[in-house]
Amino acid sequence: MNNNQKILNLLGLATRARKIVLGEEFVMNSMKTPGTIVFLATDAGANITKKIHNRALTYNNKVIDLFTTDELSQAIGKQNRKVILLDDKGFIKKINEYLNA
């Protein structure tokens with residue numbers, strides 16, 4: 001199992017633990033907390049991509065854009081999700097380990 005698959009598995013686990021935020025407006029508001037991770041689909045629109053990246057720079061958040069909409073949606077068990085925010089320190093630490101490995 002490669003690290004990208006492990007990250008998606010952790011995202012699914014975080015979903016079941018209710019440690020994620022879904023929806024563009026809710027994610028934008030939750031990004032005001034520094035240190036969160038935002039998963040942005042590679043096939044997301046230019047407008048939302050620009051908004052997320054600008055907000056991430058402002059509030060010191062990490063944006064991960066390695067996955068498509070289908071991969072993210074399948075990982076969390078919902079359809080057509082382009083933006084997901086993860087706000088749990090334990091999950092964030094483990095995902096950063098997989099990204100840096």
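Let's start with the buried residues of helix H3: they are Ile48, Ile52 and Ala56. Buried means under 20% relative accessible area, exposed means over 50%, and partly exposed lies in between, with a 1.4 Å probe and protein chains only. The three cover an arc of only 65° around the axis, so they sit on the same side of H3. That arc is taken from the directions from the helix axis to the C-beta atoms.

A word on the model. It is predicted, so local features need pLDDT of at least 70, side-chain atom pairs need pLDDT 80 or more, and totals for chains, interfaces and linings use all residues. Residues count from 1 along each chain as its sequence is written, and side-chain values use heavy atoms, without hydrogens or water.

Back to H3. What do its buried residues pack against? Helix H2 (24-30), S2, S3 and strand S4 (83-86). Contact here is heavy atoms within 4.5 Å. Helices (H or I, at least four residues) and strands (E, at least two) are DSSP runs, numbered from the N terminus.

Now the other side of H3. Ala46, Asn47, Lys50, Leu57 and Thr58 are exposed there. After H3 comes Asn60, with a positive phi near 60°.

Next, aromatics. Rings of Phe, Tyr and Trp (its six-membered ring) pair if their centres lie within 6.5 Å; planes under 30 degrees apart are stacked, over 60 edge-to-face, the rest tilted. That gives one aromatic pair. Phe39 and Phe67 form it, tilted, at 6.4 Å centre to centre and 40° between planes. Phe39 lies in strand S2 (residues 37-40), and Phe67 in the loop between strand S3 (62-64) and helix H4 (69-76). Phe39 is buried at 0% relative accessibility; Phe67 is buried at 2%.
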